[in-house]
Amino acid sequence: MSAAPWPLRLWLGGSRALPRMAEIALARRVHRGQNAAPARLRERLGRATLDRPQGPLVWINAASVGEVASIADLARDLMAERFAVLVTTTTTTGGARARRIGDALHQYQPLDTARATRAFLDHWRPDLACFVEGDLWPRLLAETGARDVPLALLNARPSKSRARAPRLSAALLSRFDLVTAQSEAVRAEILSLGLDPARVLAPGDLKSAASPLPADPARLALLEADLAGAPLWAAVSTHAEDEREVIAAHLTARAAQPGLRLILAPRHPDRAPMVEHALHEAGFGVARGERPGDAEVWLVDRMGETGAIFRLAPLVFLGGSFGPQGGHNPWEAATLGAALLHGPRVSNAAGAYATLDEAGAAREVADGAALGHAIAGLIGTPELDAMRAAARKIMADRGQARPATLEALRALMVARLAPGHTSSKAAP
């Protein structure tokens with residue numbers, strides 16, 4: 001293999017030489033509430049808080065909520081085949097989602113330093129390491145690959161960095177024994193870097209093949225009673241940039257839709273107090289907590305409610321699409337038959353949004369004013385019913401990504417556990 005690009009060599013050298021500085025910086029971030037739970041800081045330093053189970057173990061590194069959602073069913077499939085599964089995340093919201101995946105274990109991802117990654121790998125000794133979408137850490141990859149652990153990149157999405165830094169991207173991706181891409185276009189993008197075509201598959205987007213989010217029927221009935229058939233829309237997985245537009249949109253839409261109600265679920269529930277303040281300033285009555293009551297806006301401040309929200313609201317705005325986040329997974333809402341509205345900034349899931357837009361299941365809006373007019377013009381109309389039907393039809397035709405990915409991972413595990421196994425991937 002040719003010499004690694006200088007940014008990669010610099011990172012690897014620094015992650016070996018300066019671990020203490022990184023650990024101090026992390027501790028400060030954690031105690032400011034910017035990262036993993038303070039009580040579990042030691043996990044970020046590679047020090048396990050759980051025992052390793054006996055037998056083969058698959059480690060899945062899924063940065064946050066969206067990545068965890070995309071692999072939840074796959075993790076259950078692996079556990080059904082008697083593999084233990086460890087899921088690591090970098091965010092507390094991702095960790096909360098990971099802990100709802102059956103018997104899967106959860107830890108926070110270790111810092112990308114030599115000391116932390118080696119301590120993590122010494123304890124967990126994974127038989128297969130899977131990284132989700134594009135969260136690639138050079139030291140973590142290098143240390144894992146050096147132990148002859150097969151590496152898989154799952155559900156790779158489009159990435160501008162591959163064009164901007166092709167040598168660096170190629171150096172990182174060449175470490176993987178398997179790459180699965182969300183589409184043939186992403187596969188072609190990756191192959192243009194010089195990777196072996198036999199290692200790069202395009203089974204489809206795992207997020208589109210996920211099972212519908214759950215919702216407790218008894219609780220759903222209580223929520224429906226609270227909402228009492230009022231005209232309703234939802235804004236889900238929102239960030240600050242979205243919420244400004246959502247507030248403006250609701251002000252516009254309620255003038256045309258008397259009694260209009262809103263379910264607002266921030267991407268990070270710990271932001272609920274500041275969102276509540278903004279809603280009160282706009283003059284809305286707000287209920288925060290488990291039930292909406294008769295409030296105009298129900299502000300959802302806990303995880304695990306989106307399955308209910310997508311069943312309750314016929315029209316959903318998905319956040320992360322007015323700000324720099326790049327959009328969030330639209331498939332979960334579409335699976336449950338919600339019509340979708342989104343802003344213009346959806347690069348993280350551009351293919352998914354394009355598919356839904358083209359089919360008439362989703363619509364792009366430029367700003368809060370356009371969002372408000374769309375809500376006012378859709379709620380209670382046959383056009384909204386048609387959008388919902390289009391969403392259901394698209395989702396009925398999807399679902400092959402998961403079994404194809406499972407088959408590819410199974411082959412890696414069989415090879416790993418076979419006597420005399422040797423790796424064929426490029427050396428670090």
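**Close-up views of a predicted model**

**View 1. Strand β2 beside β3.** Strand β2, residues 84-89, runs parallel to β3, and four bridges join the two. Thr88 sits opposite Gln107 of β3. Strands here are DSSP runs of E with at least two residues, numbered from the N terminus, and two strands pair if DSSP finds at least two bridges between them. This is a predicted model, where local features need pLDDT of at least 70, side-chain atom pairs count only at pLDDT 80 or more, and totals for chains, interfaces and linings use all residues. Residues are numbered from 1 along each chain as its sequence is written, and side-chain values use heavy atoms, leaving out hydrogens and water.

**View 2. The open sheet.** Seven strands line up as β3-β2-β1-β4-β5-β6-β7, with parallel pairing. β3 (105-108) and β7 (200-201) each have a single partner strand, so one side of each lacks a neighbour in the sheet.

**View 3. The second largest pocket.** Its volume is about 420 Å³. Of the 20 residues lining this pocket, Ser64, Glu67, Arg267, His328 and Asn348 are the closest to its centre. A pocket is an open set of points on a 1 Å grid over the protein atoms alone, where a 1.4 Å probe fits, with protein on both sides within 12 Å along at least five of seven lines; lining residues have an atom within 4 Å of a point. The volume is the space filled by probe spheres set on the points, which are joined across faces, edges and corners.

View 4. Of the chain's 428 residues, 55% are buried, meaning under 20% relative accessible area with a 1.4 Å probe, protein chains only.

How values were computed: Buried means under 20% relative accessible area, exposed over 50%, partly exposed in between (1.4 Å probe, protein chains only).
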